[in-house]
Amino acid sequence: VFNSPCWTMVFSNCENIEVSNVYVDNHNRIPNNDGVHFSASRNIVVKNSTFLCGDDCFAATCITNWDGICENMVISDCLMSSRSAAIRFGHLESKVRNIVVKNVKIIRSNRALAVFCGDNGYVKNAVFENIEADTKIHAGYWWGKGEPIVVCGADVNGEISDVEFKNCKFVHENPAIFVGNKGNVKNVTLTNCVFK
């Protein structure tokens with residue numbers, strides 16, 4: 001797929017999905033041309049694929065159904081590049097849980113890994129393993145400013161919990177960010193991670 005003007009693939013209220021051996025090459029100056037976006041969906045596998053996007057390469061939210069849950073996801077063996085976040089979980093009231101991201105390489109991205117919660121939403125049980133990423137600041141009004149990781153529950157009542165980063169290597173222009181509100185970001189661990 002080349003030069004999608006908006007979200008390239010959208011799965012809303014779906015289950016038992018596999019996206020494999022897909023090549024997406026979108027214009028990197030166009031916002032909202034996500035590679036693959038899952039909303040209120042479950043039992044998801046994304047593997048052996050390339051996503052080069054202006055917006056998120058992979059996103060999991062409940063933006064089309066705030067009463068739904070996005071859960072049980074495995075993302076592996078992919079190459080990604082984004083002017084936003086290469087991988088993003090959560091948005092506003094989204095409920096997202098049971099995530100494994102492994103063996104992913106992220107290049108020339110504005111932000112590598114993003115985990116957000118809003119009021120009444122959550123992200124729970126996420127493992128990021130064997131991630132290699134380089135991030136940099138891109139000129140313009142993009143989401144992110146060269147961060148390798150953003151885990152953000154600032155000024156909201158939602159929750160982020162049980163998130164693990166292990167065996168990851170980052171080269172980045174700005175620091176990783178972990179911010180919560182009244183203890184709503186908890187049980188976040190980093191093991192054998194290198195930041196440069």
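Me: Is Glu 159 buried, exposed or partly exposed?
Reply: Partly exposed, because its relative accessible area is 24% and the buried class stops under 20%. Keep in mind that this is a predicted model.

Me: What does Glu 159 pair with?
Reply: Its side chain meets that of Lys 186 in a salt bridge, at 3.4 Å from N to O. Lys 186 sits in strand S17, residues 185-191, and Glu 159 in strand S14. The two are 27 residues apart, so the pair links distant parts of the chain. Lys 186 counts as partly exposed, at 36% relative accessibility.

Me: How many salt bridges in total?
Reply: The count comes to 5.

Me: Which residues are joined into one network by shared partners?
Reply: Arg 42, Glu 71 and Arg 97. Within it, the side chains of Arg 42 and Glu 71 meet at 3.1 Å, N to O. Arg 42 lies in strand S5 and Glu 71 in strand S8, residues 70-82, so this pair ties together parts 29 residues apart in sequence.

Me: And is Glu 71 buried or exposed?
Reply: Glu 71 counts as buried, since its relative accessibility is 11%. Arg 42 is partly exposed at 26%.

Me: What does Lys 47 bridge to?
Reply: Glu 18, with the closest N and O atoms 3.9 Å apart. Lys 47 is in strand S5, residues 42-47, and Glu 18 is in strand S2, residues 15-20. That pair also links distant parts of the chain, 29 residues apart. Lys 47 is partly exposed, with a relative accessible area of 28%.

Me: What is Phe 51 in contact with, beyond its sequence neighbours?
Reply: Leaving aside those within four places in sequence, its contacts include Met 9, Val 24, Val 36, Cys 78 and Met 80.

Me: Where is Phe 165?
Reply: In strand S14, residues 159-166. Phe 165 is buried, because its relative accessible area is 0%. Past its neighbours within four places, it is in contact with residues including Leu 113, Phe 128, Ile 149, Phe 178 and Thr 189. Phe 165 and Thr 189 are 24 residues apart in sequence but 6.2 Å apart in space, C-alpha to C-alpha.

Me: What's the lining by class?
Reply: 4 nonpolar, 5 polar and 4 charged residues.

Me: Where do Asn 120 and Asp 155 sit?
Reply: Asn 120 is in the loop between strand S11 (111-116) and strand S12 (122-135). Asp 155 is in the loop between strand S13 (147-152) and S14.

Me: Is Asp 155 buried or exposed?
Reply: Exposed, because its relative accessibility is 72%. Asn 120 is exposed too, at 55%.

Terms used:
Residues numbered from 1 in each chain as written. Predicted model: local features only at pLDDT ≥ 70, side-chain atom pairs only at ≥ 80, totals over all residues. Heavy atoms only, no water. Contact = heavy atoms within 4.5 Å. Nonpolar A, V, L, I, M, F, W, Y, C, P; charged D, E, K, R; others polar. Helix = DSSP H or I, 4+ residues; strand = E, 2+ residues; numbered from the N terminus. Buried < 20%, exposed > 50% of the residue type's maximum accessible area, 1.4 Å probe, protein only. Salt bridge = Lys/Arg side-chain N within 4 Å of Asp/Glu carboxyl O.
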